[in-house]
Amino acid sequence: MKLEKLTLSAVDYVFLAATLLVSSGIGLYFQITSKKRTNEEYLLAGKNMSVTPVAFSLMATFMSSTTLMGIPVEMYLYGTNMTFMNLGFILGPIITSYMFMPIFFANDVSTAYEYLEKRFGKTTRRLISAMFAFQLLLFTSASLYAPALALSAVTNVSMWMSVIVIGIVCTFYCTLGGMKAVLWTDMFQAILMFAALFAIIIKGCLLLGGIGKIFEIANEGGRLVLPRFTFDLEAHYSMLNVFAQGMIITMSAYGGSQIQVQRLMTLKNLNKSIQATFLSIPMLVLFQSLCCLCGLIIYAYFRSCDPLTSPNSPIQSADQLIPYFITATLSNLPGLPGLCICGIFSATLSTVSSAINCLASVTSEDFLKPIFPNFHITVFHNKVISLVFGALCVGASFFVASLGHLIKMSIVIVGLVAGPNLAVFLLAACTTTTTEESDIPMR
């Protein structure tokens, strides 16, 4: 098996250019049409957004490029274990919408961590927000770097050019258009993400003889599996840890992560935020399920000639399976490779743009305002902060290659903060006696 890099056609480049131009154009449009006189208008879209774009943004932000490219790899290698994360994806957002969102709206917070100061104190707020910002910067850098690396290995798309162009485009429309631009571009990019998955699935079904045949091959290869029902904490996959992972990650994201809470706070009231949360749940489940199906299709297609173990080593890592499948099956169809790559880039764009806007909000509201109360922070200052974080995300993306393949890397980065972060918010929401000061005497 020999790897021949996919040379993108003119139509493919038109798709890629259109994706970047539309995303930039949305930012430019809201720069021209929105006044953004206050930080609330810039960071929270004036709290007058409609439910649909917020729901799409919740899904697109949560489901990054590491999900789109990493989940199929898990299916290919280990079978359908991670499909059952969907159970946690359903329950987690429902719990947070009734446990945390009423608290945030009742306290009229600008960031999720503002409530922690009211509940515990300044130290807790700054510590948790700093942990979150560090984790988000790492995760965003990984989301920017990994797809570019995988695509460059099997196509003629330059890794360095991909990272820099996506970083510049994200920073451009985030800085100009603020939260409104981010939400509407997320909706556009979410549609492209789904389109890429459907293109892969439809082509796979045509090649392999339909969904039934794909599942039959996957079953013969031992890929249709249930996670083990065990309490063994060392088990690679068990129903307990897969379910818990899905629930804890979504609860931490929807209830204790500024990147999702900020989106929900762009809505007028609590009822609309609950509607957006509930609308995002089937999107999460559908996207995760389609990624899983793509993994089974790739397994069925390569079952007799595994590109990971081939003597000629056509690819260097499992993370390149999706781009390699696109190269092997869609290269004779002008436009479709470009559409699929647009979907991968859109998953990156939505994550990076959301992170830049969120990091600007955390820096402004959780650090600068409390530390410098007499300094008036304007929209201009937040734009400068967005520019700085955009540059930081691009720079840090070149230092994350040693963290492993996409899904494991993402779980490690998110897991560093998601659990402790959720624990602090649960303490704040469920107890009345806990304080940030310890009663245990120091020795």
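**A tour by selection**

Start with K47: this residue is buried, at a relative accessible area of 16% (buried is under 20%, exposed over 50%, partly exposed in between; 1.4 Å probe, protein chains only). The model is predicted, so local features need pLDDT of at least 70 and side-chain atom pairs pLDDT 80 or more, while totals for chains, interfaces and linings use all residues. Numbering runs from 1 along each chain as its sequence is written, and side-chain values use heavy atoms, without hydrogens and water.

K47 sits in the loop between α2 and α3, D108 in the loop between α6 and α7, 61 residues apart. Helices are DSSP runs of H or I, at least four residues, numbered from the N terminus.

Next, select R125, which is buried at 6% relative accessibility. Its salt bridge with E117 has the closest N and O atoms 2.4 Å apart. E117 is partly exposed, at 23%. Shared partners join E117, R125 and D366 into one network. The structure holds six salt bridges.

Finally, show α5 (residues 85–99) and α13 (residues 270–301). They pack at about 175 degrees, axes 9 Å apart (axes are lines fitted to C-alpha atoms over the stretch in contact; angles run from 0 to 180 degrees between N-to-C directions). The two helices are therefore roughly antiparallel (an angle over 145 degrees).

Definitions and conventions
Parallel < 35°, antiparallel > 145°, perpendicular 65-115°, else oblique. Salt bridge = Lys/Arg side-chain N within 4 Å of Asp/Glu carboxyl O.
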